[in-house]
Amino acid sequence: MGNGWHEWPLMVFTVLGQCVAGGFIVMALALLTGVSDRAQQKRVHWTMIVLWVLMGIGFMASVLHLGSPLRAFNSLNRIGESALSNEIASGSLFFAVGGFWWLITVLGKMPQALGKIWMVLTMILGVFFVWMMCKVYLIDTVPTWYSAYTPLSFFLTMFIGGPLLGYLLLSVAGVTGWGMRLLPAISLLAVVISSVVVMLQGMDLATIHSSITQASALVSQYGALMSWRLLVLALALACWIIPQLKGGQANPAVLTFAFVLIIVGELIGRGVFYGLHMTVGMAIAS
């Protein structure tokens, strides 16, 4: 059985999209509640370009998944009826609204009050985007995806990668205050919850089968791959947290390495997710 790696464009799109949504929320909250110095605000705004670059990479990857990338806009033909169209539309809206806010802000043309409202709207759109991703895979004919584990996994990626991405970019901008010590705790808690989800889902797979195959056989190395994923995530958190425990702060190079590890870990998990695809006419959950 496969491990879902053939779906790498979707793996990249979903993981980056969820991390960017979480990263934007972190940075927007910092701007709304803790960063008051004008010069520092400008530095934060400029570093946010990384969010939109990552979002652009994610969308480019998603286009590669289509049979004919030149017909990408056809995926928007059934907004409101198709979960896929809703996902692309919500992601495009998040990207467009957030990107336009960023552009107007760095050009110095955004009124302060309107900018705050715009940031809150973009945060809401980011969460909505992640939820629309979940809806694409909540298909009752795919029993291995049709459970609470799918939205849990997707939102946990947002809470694992988002705080680190936001922390990294805020650090580059020179932000040292605003609840920075809270962010590693959020990612750590998300990883702990994710490890519980992995164990529970592993047990659940043994109860799902059809007359043809057992769900637990879809990814024969489920346990090993998820163990590697959690190990990589733990290493990323160690790079982030240990310097703080020593009274300091990880430098941007170390934080960048930690974020790359987060992406690698979540891509492993997402590959397993796609490998668990099980389209059956009659599945039995015993």
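Leu 261 lies in helix H9, which spans residues 252–275; helices here are DSSP runs of H or I with at least four residues, strands are runs of E with at least two, and both are numbered from the N terminus. The model is a predicted one, in which local features need pLDDT of at least 70 and side-chain atom pairs count only at pLDDT 80 or more, while totals for chains, interfaces and linings use all residues. Residues are numbered from 1 along each chain as its sequence is written, and side-chain values use heavy atoms, with hydrogens and water left out.

With a relative accessible area of 11%, Leu 261 is buried, a term that stands for under 20% relative accessible area, against over 50% for exposed and the range in between for partly exposed, with a 1.4 Å probe and protein chains only. Once its neighbours within four places in sequence are left aside, Leu 261 is in contact with Val 232, Leu 235 and Ala 236, where contact means heavy atoms within 4.5 Å. Ala 236 is 25 residues away from Leu 261 along the chain, yet their C-alpha atoms are separated by 5.6 Å.

Buried residues make up 52% of the 286 residues, and the chain holds nine helices and two strands, which run α-α-α-α-α-α-α-β-α-α-β from the N terminus on.

The axes of H1 and helix H6 (residues 149–172) come within 6 Å and cross at roughly 50°, axes being lines fitted to C-alpha atoms, for helices over the stretch in contact, with angles from 0 to 180 degrees between N-to-C directions. The two helices are therefore oblique to each other, the class left when angles under 35 degrees count as roughly parallel, over 145 as roughly antiparallel and 65 to 115 as roughly perpendicular. Residues of H1 that include Gly 22, Gly 23 and Val 26 meet residues of H6 that include Gly 161, Gly 162 and Pro 163.

H1 also packs with helix H4 (residues 83–106), at an angle of about 35° and with the axes 12 Å apart.
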